[in-house]
Amino acid sequence: MEYNGWANWETWNFKLWIDNDESSYYAVLELAEGKDKNELSKELESWADDMCESMKVGFGFFADVCNSAIKEINFHEIAESYLSEVKP
């Protein structure tokens with residue numbers, strides 16, 4: 001189900017948090033330079049996984065919720081959005 005023009009709530013929420021943090025936003029734009037959609041989407045997914053791990057939730061309910069949400073994010077859609085910002 002679409003949410004605010006994005007594939008779903010998880011996709012919208014992940015992009016929202018990146019865009020609302022200036023250092024994250026510029027880091028992703030820099031990361032996008034010279035990448036194609038597949039490369040950038042894999043790096044964004046890895047970044048999300050790293051964030052989940054850095055929360056030190058370990059195992060259990062919160063780890064399951066975090067991992068479940070990450071699986072729902074449409075990283076290709078987010079990558080496409082950032083690539084449209086960095087390519088002329």
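Trainee: Which residues on the other side of H3 are exposed?

Mentor: In this predicted model, Lys42 and Glu53 are exposed on the other side of H3.

Helix H3 runs over residues 37-54 and comprises 18 residues. From its first C-alpha to its last it reaches 25 Å, which is close to the 26 Å expected at 1.5 Å a residue. At the start of the helix, the backbone nitrogen of Asn38 has a side-chain oxygen of Asp36 within 3.1 Å.

The buried residues of H3 are Leu40, Ser41, Leu44, Ala48 and Cys52. Viewed down the axis of H3, these buried residues fall within an arc of 120 degrees, so they line one face of the helix.

With H5, the packing angle is about 115 degrees and the axes lie 8 Å apart; the crossing is right-handed. On the H3 side, the contact is made by Lys37, Asn38, Leu40, Ser41, Leu44, Glu45 and Ala48. Their counterparts in H5 are Phe75, His76, Ile78, Ala79, Glu80, Tyr82 and Leu83. Among the H3 residues in this contact, Leu40, Ser41, Leu44 and Ala48 are also buried.

With H2, the axes come within 10 Å and cross at roughly 145 degrees, and this crossing too is right-handed. Here Leu40, Glu43, Leu44 and Trp47 of H3 meet Ser24, Val28, Leu31 and Ala32 of H2. Leu40 and Leu44 of H3 therefore take part in both pairings, with H5 and with H2, and both lie among the buried residues that line one face of H3.

Two residues in the neighbouring helices complete the picture. Val86 is placed in helix H5 and touches Leu29, Ala32 and Glu33, not counting residues up to four places away in sequence; of these, Ala32 is also one of the H2 residues that meet H3. Trp9 lies in helix H1 and is partly exposed, with a relative accessible area of 42%. The C-alpha atoms of Trp9 and Glu72 are separated by 8.7 Å, although the two residues are 63 residues apart along the chain.

Methods: Residues numbered from 1 in each chain as written. Predicted model: local features only at pLDDT ≥ 70, side-chain atom pairs only at ≥ 80, totals over all residues. Heavy atoms only, no water. Helix = DSSP H or I, 4+ residues; strand = E, 2+ residues; numbered from the N terminus. Expected span 1.5 Å × (residues − 1). Buried < 20%, exposed > 50% of the residue type's maximum accessible area, 1.4 Å probe, protein only. Arc of directions from axis to C-beta. Polar contact = N/O pair within 3.5 Å; in protein donor to acceptor, adjacent residues only side chain to side chain. Axes fitted to C-alpha atoms, helices over the stretch in contact; angles between N-to-C directions. Left-handed = near helix turned anticlockwise from the far one by under 90°. Contact = heavy atoms within 4.5 Å.
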